Protein chains: 2
Amino acid sequence: MDLEGMMRAIASEAQRAAHALAASDAAMRDGALIQMAAALKAHEADIIAANAVDVEKATERGTKASLVDRLLLDEGRIQEEASALEDLTRLPDPLGCVQEERELYNGLQLARVSVPLGVVCVIYEARPNVTADAAGICLKSGNACILRGGSLAAHSNEVIANILADAASQAGLPRTCIQAVTTTDRAATDVLLKLHGLIDVIVPRGGAGLIAHCVETAKVPVIETGTGNCHVYVHESADPAMAASIVENAKCRRYGVCNAAETLLVDESAADEALPPIFAALASHGVALHADPPAFAQARAWQATSGVPLKLFAATEEDWEREYLAPEMAIRCVSGEDEAIEHINRYGTGHSEAIVAADEDVIARFFAAVDAAAVYANASTAFTDGGQFGLGAEIGISTQKLHVRGPFALEALTSYKYLIKGSGQVRA
Amino acid sequence: MDLEGMMRAIASEAQRAAHALAASDAAMRDGALIQMAAALKAHEADIIAANAVDVEKATERGTKASLVDRLLLDEGRIQEEASALEDLTRLPDPLGCVQEERELYNGLQLARVSVPLGVVCVIYEARPNVTADAAGICLKSGNACILRGGSLAAHSNEVIANILADAASQAGLPRTCIQAVTTTDRAATDVLLKLHGLIDVIVPRGGAGLIAHCVETAKVPVIETGTGNCHVYVHESADPAMAASIVENAKCRRYGVCNAAETLLVDESAADEALPPIFAALASHGVALHADPPAFAQARAWQATSGVPLKLFAATEEDWEREYLAPEMAIRCVSGEDEAIEHINRYGTGHSEAIVAADEDVIARFFAAVDAAAVYANASTAFTDGGQFGLGAEIGISTQKLHVRGPFALEALTSYKYLIKGSGQVRA
């Protein structure tokens, strides 16, 4: 069978499994999750052995140490994966929820009820811990999953997926509700992306390059988890100490995350007062600044007065667009909230945007006009996270507007159907 | 400017207009709809004149009469379009709805609020009445629209879109919140389909070919309104008279609609009793039957007894897949609900599926296992319709599972954002 035939066969099996899963009850799915967790622990040695092969190959190929570290599975990580599966059983069943219920004019009883999406294909990089996580989330929400991980983790993924599929099958679910695609043929991913009608949704979990490739190639709907070019805007009514604390947290808490702030916008009228404490905070973390002329002048002056050195550069147009994911920040002075909103809607990626202000009218305007998944007033952008929002198991943060936006969890892997009961009604 | 540049310019304008629309209030948008309705009536003569040019060209080219009829705008149709715009003002504002509101552990006030999708591109065929309809629905839901109609209706569409854009602008909204793409260059559609990041969603409104092309070509998310290969399944517990009435209505009410039934499944054990009244009903409408061997034998026997001629063919595998949209129906005998469910999940398009049965357990199984947007018990599939479901202005019937499923209306053109108010919170 050729590659396309193989992928089609896997997806057809997944679709059949999905029909069985859709009719399964929560107790059965939770029971399978418990068995899957137990199986991971029972087969810990097999997983570590398979993982050692991947790690050895990766090291031989001269893979970067940080990538090898992501690839590595040890007892602790496997234990965490098993616990995550057990945790899922404590979340409410996302299926069978009656979202709407009413009697139509003709006596028909109409109900809108949550159901699984069907077949979910998760495409990820060389992080084998995603395998159990994605399989668990899909099973909890009644979806069959096709797991396409990075080739560096192929052995680990295959062994983990087989252990999980066996456990699900022992719990009475179709074994093919969890399938890993572990061929090293890179073309397999593109075949999967195009299986419209067999796969219901693609969930890419990885870097910007992976996501862009999925969006570019897929014929199947994609839940896009994009990049975060996030801003903090300090309005002239802001408390300078609060502004500095929020900017510091949004920029410096973790540099490599999508909810980190990348550009600071400050009202020019407030720059004198607002910028010095911000410079002090950012300088203490060694954050390099890319400033527009007024902010540059302020930074120079602060440096001269404070004696603290700043890594200071003149901002270019490119800086407004960059997601640094590093100890670097762009700074621009604006004439007021209108210019700030315009800047954000032009350069932002619709992820997380914050205003620091005391003026409630200005906050209301910012909330109404800024086009982003999460818009904050007087809080750090770092809170954009499924756990912080209380959503349970986060799958990702969507930067698209269709289906789900912002942090999303199990509910995002459901659709609904209308169930209509009659007593013989026909339409005139 | 080349075609891609032109389309990008239109989409960028739409995006700017979308930001203004998102911050507009319902009164302003409803006011614009009233002005748009008035403008259509005031410019009736201009519309009819532009339409006459389209109709003349189409006739010259030898376009089919049925297509020319769809193309034609007269006083009555323009009046209907104006009324539809006015009707929209009587629907509740889909924006600013607080879908969720709570205080997080750290005192942050989180609210999830409905917002427009942004830029909606509607792609349709030579039905110029869609122009005002789509513009109105998009404006009501705060979305900027790009209207790409069929080239046969280019003059009509251009004139209508200009009238509507002028009226919206007079009502204080950006003129570019309504833009028609009327170039006859067919490549324009494909450019639009690929403007990921500028257009938020593609809504194709038309036949299966148009929809398939959009799904195949788009990089922008598509709301797919697919075909309907719908089934009626008659269980052995069904009342034969009710079954015949539902089959007749589902098949014969209108042949060309996506909610029409195309295949009848009957329990073999009930065929003797259930089929004769169904044959009588379908024969009275001249419906041709494509029957599997047991149903074929039943039909032959009924024909001999009743003396009523049937258009009878042996069913082939292809018949299970066909959306006839015509006075034709496939019939298959099954061993019970399991086989019926399997048939439906294999050949159905996930649109509308009905069971006729008295047995509540069987109905419950059918409801749980059949994977479709609308699943009926003891009612005709003909009810799958936004108006029948009480949804207000229907845009289409989605056969995909992401974002919206089944009949969808204004709400489907919204997304949401999280608004989070704090008092200086930062994340640990």
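**Close-up views of a predicted model**

**View 1. Pairing of strands β2 and β16 in chain B.** In this predicted model, β2 (residues 109–116) and β16 (residues 414–425), both of chain B, pair in the antiparallel sense over eight bridges. A111(B) has L419(B) in β16(B) as its bridge partner.

**View 2. The open sheet formed by strands of chains A and B.** The sheet has ten strands, with mixed pairing, in the order β10(A)-β9(A)-β11(A)-β8(A)-β7(A)-β12(A)-β13(A)-β16(B)-β2(B)-β1(B). Its edge strands are β10 (312–314) of chain A and β1 (98–103) of chain B, each of which pairs on one side only. On average, neighbouring strands are turned by 20 degrees against each other, direction ignored.

**View 3. Contact of helices α2 and α6 in chain B.** The axes of α2 (residues 26–42) and α6 (residues 129–140) of chain B come within 9 Å and cross at roughly 165 degrees. Angles over 145 degrees count as roughly antiparallel, so α2(B) is roughly antiparallel to α6(B). Their crossing is right-handed. From α2(B), R29(B), A32(B), L33(B), M36(B) and L40(B) meet A132(B), G136(B), L139(B) and K140(B) of α6(B). Six residues of this contact are nonpolar, one is polar and two are charged.

Notes: Residues are numbered from 1 along each chain as its sequence is written. Chains are lettered from A and ligands numbered from 1 in the order in which they are written. This is a predicted model: local features need pLDDT of at least 70, side-chain atom pairs count only at pLDDT 80 or more; totals for chains, interfaces and linings use all residues. Two strands pair if DSSP finds at least two bridges between them. Helices (H or I, at least four residues) and strands (E, at least two) are DSSP runs, numbered from the N terminus. Axes are lines fitted to C-alpha atoms, for helices over the stretch in contact, and angles run from 0 to 180 degrees between N-to-C directions. Angles under 35 degrees count as roughly parallel, over 145 as roughly antiparallel, 65 to 115 as roughly perpendicular and the rest as oblique. A crossing is left-handed if the near helix is turned anticlockwise from the far one by less than a right angle, and right-handed if clockwise. Two residues are in contact if their C-beta atoms, placed from the backbone, lie within 7 Å. Ala, Val, Leu, Ile, Met, Phe, Trp, Tyr, Cys and Pro count as nonpolar, Asp, Glu, Lys and Arg as charged, and the others, Gly among them, as polar.
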